[in-house]
Amino acid sequence: MATTNRERPIAQKTIALALQGGGMHGAFTWGVLDRLLEDGRLLIEGVSATSAGAMNAAVLAHGLLTGDSEDARQALHDFWRAVAQSAQSYDPFGKIPWLKGTHTFGLDHSPMYLLADVVLRILSPYQFNPHNMNPLRRILDQHVDFAALRRHCPIHLYLCATNVETGKIRIFSGQELCIEAVLASACLPTLFQAVEINGEHYWDGGYVGNPAIFPLIYNCETHDVVIVHINPIVRPGVPTTAADILNRMNEVSFNSSLMREMRAIAFVTKLIQQRSIEPGGMKEMLIHSIRSDQTMAALGVSSKYNADWDFLCSLRDKGRTEAGAWLEENYHHIGQRSSVDISREFL
């Protein structure tokens, strides 16, 4: 039986979450969240998130409005189910068995995907989608009460986007929480027109913060940050096809901002441990990581656009498994020390 917030166990610890983006691979993060909520021993103080991570974060916050982890789990399930149903209506070929990549869940044999791939190489979203239609807007509107989140968000919520003109990171939180903020965080410039908010234009936050850690450092009391990775840090082998090369370029680019923040955290941690700064002068962060590079690296590039329900559920189940293993091995480290070697993993 799942543990709800009404039946909280005694040994609770507080954490903050950092959720990466990665298209439909964000269903892995859904699984991680589902398992953490089911376990019930962790209180989520804040979440910093980008792209698909921002969608997971917004739905999570909406589900937690009642204070019940079971409501949050149901909200996440319903959101991803709606994504799958919406995608099916856009791709009439999606359910034909011989067009589905049974091993990598890629869409390389889907006529709709192949057509879209050609179009995206020739036309911009301002040309092939002049009316700026985005099915995610309707799904978010149906599954997240942003007005309620602006009145009282149950967690510190930070959504990352990239300012198109300045190249700077933009963090949306508090009274700025809205559908546009989530869409901005998930705005891949080859797929969607830049999202305008108060006269400024934004693209996917992954270019400058995937996700940003600093809002959690500055605004949360907890020292523990659990990063849920979507983009593989390590991918063995050298890509040789155009699609694989572009995919690896994106992975490196989308991980680079996180790597830089990890370097800064490692530097500050070293100063604190060497007593080179006054006690309390800086905040020592404890970093934890839930990821499965092997799983993500094995997936085809096109699977990031695959919203098939079976595929999403398989990623959810993998996320649940990885989160369960992490809890078993590292729960006792929370509040005590980092459970990852920052220098070895990130630097």
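A: Let us begin with a pair of residues: Ala161 has Asp204 in β6 as its bridge partner. Strands, like helices, are DSSP runs numbered from the N terminus (E, at least two residues for strands; H or I, at least four for helices). This is a predicted model, in which local features need pLDDT of at least 70 and side-chain atom pairs count only at pLDDT 80 or more, while totals for chains, interfaces and linings use all residues. Residues are numbered from 1 along each chain as its sequence is written, and side-chain values use heavy atoms, leaving out hydrogens and water.

Q: Which strands does β6 pair with, and in which sense?

A: In a regular strand the side chains alternate between the two faces of the sheet. Two strands pair if DSSP finds at least two bridges between them. Here β3 (residues 156-163) and β6 (residues 200-204) are antiparallel and share three bridges, and β5 (residues 195-197) also runs antiparallel to β6, again with three bridges. β5 and β6 make a hairpin with two residues between them, and Asn198 in the turn has a positive phi of about 50 degrees.

Q: Which residues does the UniProt annotation "active site" cover?

A: The unreviewed UniProt entry gives this annotation to Ser51 and Asp204, in the numbering used here, although annotations may be inferred rather than shown by experiment and feature names are shortened. Ser51 sits in the loop between β2 (42-50) and α2 (52-63), and its phi is near 55 degrees, a positive value in a residue other than glycine.

Q: How are the helices α1 and α12 placed against each other?

A: Two packed helices are described by the angle between their axes and the distance between the axes. Axes are lines fitted to C-alpha atoms, for helices over the stretch in contact, and angles between N-to-C directions run from 0 to 180 degrees. For α1 (residues 27-39) and α12 (residues 309-330) the angle is about 45 degrees, and the axes are 6 Å apart. The two helices are therefore oblique to each other, since angles under 35 degrees count as roughly parallel, over 145 as roughly antiparallel, 65 to 115 as roughly perpendicular and the rest as oblique.
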